[in-house]
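The notes are grouped by topic.

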Amino acid sequence: MAVAHPHSLAPETLTPPSLMVPPAASPPLPLTQDDLKKIAAYKAVEHVESGMVIGLGTGSTAKHAVDRIAHLLNQGKLKNIVGIATSTQTRDQAVSLGIPLSDLDSHPTVDLAIDGADEVDPDLNLVKGRGGSLLREKMIESVSKKFIVIVDESKMVNHIGGSKLAMPVEVIPFCWAHSLKRLMGLFSEMGCLGGLRKCKESGLIYVTDNGNYIIDLYFEKDIGDLNEASDRILRLPGIVEHGMFIGLATSVIVAGVDGVTVKTKVGDNLEVCSYGYSDLRNGF
């Protein structure tokens, strides 16, 4: 796979455009992780056009995109937007902000989906679902003409599982412990461990919007061929879906402390463009 060389970034530390203050005011604020999430989200929303059906993602980064879409609707800069929410959490947010909603039964093709990710590898494969919405996210994003992923730079990994954090698998509640043992057995050579997800606050078993459980898998070694791993997981009875999103992302917008990098699939190649924050002053 050919990768275009990114434009060099000046080592500047500027406040993102959404937080900018007049030159005579106080010095730029340091960028927090939430600032970076907002920058990536706002950049992605630039691709939203009036009349589109939009897949609305779930999570702390996608929340900023939903907020931005609602703001532009209220300003009249966007019109006739139809949103399809990837979770009840996002549905409630969109309803509270006045974004019209529908579903895949009425709109089986989505013009654009915007969502975050927990991991992004060099080929734009993803891990998603640490927020628990992987099934609905994959249903919506797999039928999107464009799927823009928005992340801060901490989510970039050398390979799927490289963060040593969870790769979620949604399973039916029936005999979940049996499913857990079989999943770990599939990847024992990769040092795979797993556990049933529980709510941090209550300690109760986490239940998805679909009434299922989530098993979180952790890999000590590279999982290898992702398509093969996907097939092995989905062949197990009782498995609903996994959190590897293979080949679905069309673009990834990565916000870092020095600027924004946009990685876009163009045929078999990957185009990479980088921008310092001074270049983005008018883009937010």
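Gly-194 has Leu-217 in strand 9 as its bridge partner. Strand 9 (residues 213-218) is joined to strand 8 by four bridges, and the two run antiparallel. The model is a predicted one: local features need pLDDT of at least 70, side-chain atom pairs count only at pLDDT 80 or more, and totals for chains, interfaces and linings use all residues. Residues are numbered from 1 along each chain as its sequence is written, and side-chain values use heavy atoms, with hydrogens and water left out.

- Four strands form an open sheet in the order 8-9-7-10, with antiparallel pairing; strands pair if DSSP finds at least two bridges between them.
- Strand 8 (193-196) and strand 10 (239-242) are at the edges with a single partner strand each, so one side of each has no neighbour in the sheet.
- From one strand to the next, the twist averages 25°.
- Strands (E, at least two residues) and helices (H or I, at least four) are DSSP runs numbered from the N terminus.

**Helices on the sheet**

- Helix 5 (residues 176-186) lies across strand 7 (167-171), strand 8, strand 9 and strand 10, and runs at about 25° to strand 9.
- Helix 6 (residues 226-234) packs on the sheet and touches strand 7 and strand 10, where contact means heavy atoms within 4.5 Å.
- The direction of helix 6 makes about 160° with that of strand 10.
- Axes are lines fitted to C-alpha atoms, for helices over the stretch in contact, and angles run from 0 to 180 degrees between N-to-C directions.

**Aromatic rings and charges**

- One aromatic pair is found in a search of the whole structure; rings of Phe, Tyr and Trp (its six-membered ring) pair if their centres lie within 6.5 Å, and planes under 30 degrees apart count as stacked, over 60 as edge-to-face and the rest as tilted.
- The ring centres of Phe-187 and Phe-219 are 5.5 Å apart and the planes are at 80°, so this pair is edge-to-face.
- Phe-187 is in the loop between helix 5 and strand 8, and Phe-219 is in the loop between strand 9 and helix 6, so the pair ties together parts 32 residues apart in sequence.
- The charged end of Arg-197 sits over the ring of Tyr-206, 5.6 Å from its centre; this requires NZ of Lys or CZ of Arg within 6 Å of the ring centre and within 35 degrees of the ring normal.
- Lys-43 lies over the face of Tyr-275, at 5.4 Å from the ring centre.

**Burial**

- Phe-187 is buried, with a relative accessible area of 0%, and Phe-219 is buried at 4%; buried means under 20% relative accessible area, exposed over 50%, partly exposed in between (1.4 Å probe, protein chains only).
- Six of the eight residues of helix 4 (residues 134-141) are buried, so helix 4 is largely enclosed by the rest of the structure.
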